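Thanks for sending this one over. Here are my notes, point by point.

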Amino acid sequence: ATRATLALQIANPEAGRQAHARGQAAAGMDGAAAAHAQGRYQKSFTEAAPQQGSFTIGVSGAK
């Protein structure tokens, strides 16, 4: 999917501006939703992951 999207951008990198000029909305999120999603993404790196006890490391109980 990433390569296909990149190929589409390379094929017509001005597509978003052209759609806007024709009065069509660009596909994707609005600015507020995108800013909120970016904020949650950045916050996910600042919150510490829950720590396991030292006696449970490597013990899964699976057979």
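1. From the N terminus on, the elements of the protein run α-α-α, with three helices and zero strands in total. Both kinds of element are DSSP runs numbered from the N terminus: helices are H or I with at least four residues, strands are E with at least two.

2. Please keep in mind that this is a predicted model, in which local features need pLDDT of at least 70, side-chain atom pairs count only at pLDDT 80 or more, and totals for chains, interfaces and linings use all residues. Residues are numbered from 1 along each chain as its sequence is written, and side-chain values use heavy atoms, leaving out hydrogens and water.

3. On confidence, the mean pLDDT (the predictor's confidence in each residue, from 0 to 100) is 76, and 71% of the residues reach 70 or more. Helix α3 (residues 31-46) is highest at a mean of 90, while helix α2 (residues 15-21) is lowest at 71. Where pLDDT is low, the predicted coordinates should not be read in detail.

4. Of the 63 residues, 2% are buried (under 20% relative accessible area; exposed is over 50%, partly exposed in between, with a 1.4 Å probe and protein chains only).

5. One aromatic pair turns up in the whole structure. Y41 and F45 sit edge-to-face, 5.1 Å centre to centre with 85 degrees between the planes. Rings of Phe, Tyr and Trp (its six-membered ring) pair if their centres lie within 6.5 Å; planes under 30 degrees apart are stacked, over 60 edge-to-face, the rest tilted. Y41 and F45 are four residues apart in helix α3, so about one helical turn separates them. Y41 is partly exposed at 48% relative accessible area, whereas F45 is exposed at 58%.
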